[in-house]
Amino acid sequence: CEFRCLQDPDGMLLASTEGQPFLVLNGTQTMSAAQHCLIDQAMALRSAGISRLRLLPCSSGFATVLDGFERVLNRGVPAHEVLPELQALSLPGGLANGFAWRRPGLEWVAA
């Protein structure tokens, strides 16, 4: 591999045979091409006993992502106030939450 993934700060994008973004390789992991975002499910996550989330760093806009999750999860700001800020960031692959809704993982399902 010669660490070629280091040339891509957000990972090497792989496309399906139809040319659609599908996976990203970052050298140690194979992940979805989209950024899975469940910020609008904060109350459901808490009700399920989830007390910690892992946020995957990206090369741009990550400070805004951190701030948005902090406001929703720690300060009680409604997710519908923060979600448009995250959607406007043009994060690698965009936002997706389909898997959580039993839909194709790369889809966005409005709550």
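**Figure 1. Cysteine C58 in the predicted model.** C58 is buried, at a relative accessible area of 15%, where buried means under 20% relative accessible area, exposed over 50% and partly exposed in between (1.4 Å probe, protein chains only). C58 takes part in no disulfide, and its nearest cysteine sulfur, that of C37, is 11 Å away; a disulfide is a pair of cysteine sulfur atoms within 2.5 Å. This is a predicted model in which local features need pLDDT of at least 70 and side-chain atom pairs count only at pLDDT 80 or more, while totals for chains, interfaces and linings use all residues. Residues are numbered from 1 along each chain as its sequence is written, and side-chain values use heavy atoms, with hydrogens and water left out.

**Figure 2. Cysteine C37.** C37 counts as buried because its relative accessibility is 3%. The structure holds 0 disulfides. For C37 the nearest cysteine sulfur belongs to C58, 11 Å away.

**Figure 3. The largest pocket.** The space in the largest pocket is about 610 Å³. A pocket is an open set of points on a 1 Å grid over the protein atoms alone, where a 1.4 Å probe fits, with protein on both sides within 12 Å along at least five of seven lines. Grid points are joined across faces, edges and corners, and the volume is the space filled by probe spheres set on the points. Lining residues, which have an atom within 4 Å of a point, number 28 for the largest pocket, and Q35, H36, R54, L55 and L56 lie nearest its centre.

**Figure 4. Make-up of the pocket lining.** β3 (30–32), β4 (35–36) and α2 (62–75) each supply at least two lining residues of the largest pocket. The largest share, 3 residues, comes from α2. Helices (H or I, at least four residues) and strands (E, at least two) are DSSP runs numbered from the N terminus. By class, the lining has 21 nonpolar, 5 polar and 2 charged residues; Ala, Val, Leu, Ile, Met, Phe, Trp, Tyr, Cys and Pro count as nonpolar, Asp, Glu, Lys and Arg as charged, and the others, Gly among them, as polar.

**Figure 5. The protein chain as context.** The protein chain has 3 helices and 5 strands, in the order β-β-β-β-α-α-α-β from the N terminus. Its C-alpha atoms fill a box of roughly 45 × 30 × 25 Å along the principal axes. Of the 111 residues in the protein chain, 27% are buried.
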